[in-house]
Every structure is written in C-alpha cells, then in structure tokens.
Amino acid sequence: MKKVRKAVIPVAGFGTRFLPATKSTPKEMMPLIDKPIIHYIVEEAVNSGIETIIFVTGRHKRAIEDYFDYYPELEQVLRKSGKEEEIEKLREISNMAEFVYIRQKEQLGLGHAVLTAERLVGDEPFAVLLGDELIKNDGNPGIKQLIDIYYKFGKSVVGTMEVSKGDVSKYGIVAGKEVINGIKLVETLVEKPSVEEAPSNTAIIGRYVLTPNIFESLKETPIGKGGELQLTDGLIQLRQSEVIYSKNIEGVRHDTGNKIGYLEAILDYALEREDIKEEFINMLKEKCKEIGQSQS
C-alpha cells in the first residue's frame with residue numbers, strides 16, 4: 001500500500017464573505033492571533049506525515065506563496081537587530097514541507113480544484129484539506145485520523161460530523177453502516193440535500209483521503225449544483241467502482257469561512273495561548289461587564 005505523502009489544499013476562492021478585507025488579502029491569510037489560518041492547516045497536514053503540500057491557487061493568491069517562501073531581505077533586517085530566534089522561526093515555516101503551486105484557471109467547484117491537481121498527485125493516494133476549516137486536536141490531527149483508516153482499508157475516507165437537521169442543506173450528506181469503532185461504510189452520498197431528501201444528518205467536512213481513482217470519476221461526473229463540479233458528486237461516481245468509508249473526526253472544528261466561525265476560532269485559540277491568555281480573559285470580563293451595564 002502506497003504511503004499518503006501528498007496533500008491538496010484548494011485556496012483559489014475569492015472569499016467574498018470577508019470583503020473588503022479579501023480584496024487584497026487571501027481569506028486563508030487572515031490571522032488567528034499571529035499566524036494565518038493556512039499555517040494551522042499546513043501544520044495539521046505535516047503533523048500527520050504529509051511531505052508535499054499542493055496548493056490549488058489563483059492569480060490573486062500570491063501572498064500564500066510568499067508566506068511559505070524564504071524572505072532574505074527580512075532576515076537581513078532581523079539579523080542586524082540580533083533577532084536570530086525570529087529568523088529561525090521564519091525558516092521553519094518555509095521548511096515545513098515541499099510546497100507546490102498550480103493555478104485553477106476558473107473557479108468551477110471543489111471537484112474541479114481537486115482534478116486540477118491530478119498531474120502533481122499522480123497515481124498516489126492523497127489528502128485533501130479545505131483552506132478555511134480548522135480541526136483542533138493536538139493529540140491526533142484530523143487528517144491523520146483519516147489517513148490511519150486508509151492504511152487499514154486501502155480505500156477513500158471522508159471526514160464527517162453530525163449537524164442539526166436544519167443545516168443539512170449546507171453540506172454533502174452521507175449515510176452508511178458502522179463497520180468498526182465509528183468507521184462507516186458509505187452507502188449514500190447527497191450534495192446539499194433538502195431536509196426532506198437528506199438520508200442522515202452526517203455531514204462531510206473539509207477533510208478527505210482519496211485514492212487516485214477519484215480523478216477518472218471526476219472526469220465522468222456531470223456539472224452539479226451551482227454550475228460547479230462537486231467533489232461529493234465525484235465520490236458518488238467513485239462509489240460505483242469501489243467502497244468509501246467515513247468517520248466523524250474527533251476534535252474542535254472551526255469554519256473560518258464565515259464571520260462568526262472566524263471570531264470563534266480567534267477566541268478559542270487565544271484562550272490556549274499562555275502568553276496572552278490571562279490578559280485576554282481579563283479583557284473579555286471587562287467587555288462583558290460593559291455590555292451588561294449598557295443593557296441594564
């Protein structure tokens with residue numbers, strides 16, 4: 001069985017929900033304290049054994065490329081100030097993995113983004129991590145949980161979570177039969193069904209481990225909802241020739257693609273930072289007190 005060495009991270013979207021900030025700054029580069037969102041996602045992949053990160057990007061996402069590259073001019077300035085520790089931290093970012101970039105010339109959906117990476121992935125199994133979803137589980141990274149299942153069965157695995165019945169129309173939904181320890185053999189997949197059509201309330205989230213057979217399946221998949229090539233539809237096609245598994249990912253998920261999810265992530269990550277935690281809590285207490293007084 002081939003090792004899962006590569007991860008595809010689609011980052012070509014415009015991030016329109018965060019305009020005007022994303023007019024010049026990729027949404028994936030928006031900061032959580034002092035690191036951009038995309039840094040945490042790459043860390044999750046690297047901590048799961050991934051060696052090569054394939055960014056499916058667009059012409060407006062050069063900031064991501066620059067972030068994971070060396071910056072000799074900045075290093076020179078820091079060196080003059082004797083800040084060798086800061087230089088080492090910057091170098092660590094660039095050396096986390098091998099970074100490869102390919103452009104998605106048209107934004108035609110997640111399935112199309114994955115298909116864009118076919119030549120770089122080749123005939124290997126690979127991970128997919130969406131660039132605006134964080135999974136916080138330091139002991140067992142989200143994508144590693146799926147990679148471990150791939151090594152057990154040798155088939156594609158989708159990460160899932162339970163959502164409320166009213167939210168099923170926002171996700172790809174799966175239903176299946178449990179085979180071992182929370183791992184399900186997928187029997188049904190539906191892309192963004194109505195509440196009445198949904199076979200369950202188990203939603204696909206932004207983590208996948210896929211066999212290379214997904215590429216041929218995507219090529220045979222018709223354009224789906226929103227006029228886009230949907231990855232869920234590609235998985236439906238793949239399931240005609242091979243089984244697919246699913247697992248509810250253990251950890252705290254933050255969808256930073258929407259404003260409230262982004263703010264929740266900042267709050268959560270700030271409360272774990274020993275260098276700012278106490279001061280941050282005091283600030284929150286003061287703000288809550290001010291709100292209470294203004295409403296009384």
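Thr-221 counts as buried, because its relative accessibility is 9% (buried is under 20% relative accessible area, exposed over 50% and partly exposed in between, with a 1.4 Å probe and protein chains only). The model is a predicted one, in which local features need pLDDT of at least 70 and side-chain atom pairs count only at pLDDT 80 or more, while totals for chains, interfaces and linings use all residues. Residues are numbered from 1 along each chain as its sequence is written, and side-chain values use heavy atoms, with hydrogens and water left out.

The loop that holds Thr-221 runs between helix H8 (214-219) and helix H9 (231-238); helices (H or I, at least four residues) and strands (E, at least two) are DSSP runs, numbered from the N terminus. A polar atom of the Thr-221 side chain lies 2.6 Å from the backbone oxygen of Ser-217. Not counting residues up to four places away in sequence, Thr-221 touches Leu-229, Asp-233, Gly-234 and Gln-237, where contact means heavy atoms within 4.5 Å. As for H9, seven of its eight residues are buried, so this helix is largely enclosed by the rest of the structure. The buried residues of H9 are Leu-231, Thr-232, Asp-233, Gly-234, Leu-235, Gln-237 and Leu-238.

Buried in H7 are Gly-142, Ile-143, Gln-145, Leu-146, Ile-147, Ile-149 and Tyr-150. Gly-154 follows H7 and has a positive phi, near 75°.

Leaving aside neighbours within four places in sequence, Glu-250 is in contact with Ile-135, Asn-137 and Gln-145. The loop between strand E12 (244-248) and strand E13 (252-255) is where Glu-250 lies, and this residue is partly exposed because its relative accessible area is 46%. From C-alpha to C-alpha, Glu-250 is 26 Å from Val-56, and the two are 194 residues apart in sequence.

A helix pair comes next. Helix H3 (residues 72-80) packs with helix H4 (residues 84-94) at an angle of about 160°, their axes being 8 Å apart (axes are lines fitted to C-alpha atoms, for helices over the stretch in contact, and angles run from 0 to 180 degrees between N-to-C directions). H3 is therefore roughly antiparallel to H4; angles under 35 degrees count as roughly parallel, over 145 as roughly antiparallel, 65 to 115 as roughly perpendicular and the rest as oblique. On the H3 side, the contact is made by Leu-74, Glu-75, Leu-78 and Arg-79, and on the H4 side by Glu-84, Glu-86, Ile-87, Leu-90 and Arg-91.

Some backbone geometry also stands out. Most residues other than glycine have a negative phi, and most peptide bonds are trans. Asn-181, which is not a glycine, has a positive phi of about 45°. Asn-181 is found in the loop between strand E9 (172-180) and strand E10 (183-191), and counts as exposed because its relative accessibility is 68%. Lys-192 likewise has a positive phi, near 45°, and lies in the loop between E10 and strand E11 (202-210). With a relative accessible area of 38%, Lys-192 is partly exposed. The peptide bond from Leu-19 to Pro-20 is cis, with omega near 5°, and Pro-20 has its place in the loop between strand E1 (6-10) and strand E2 (31-32).

Methods:
A polar contact is a pair of N or O atoms within 3.5 Å; within protein, one must be able to donate a hydrogen and the other to accept it, and residues adjacent in sequence count only if both atoms are side-chain atoms.
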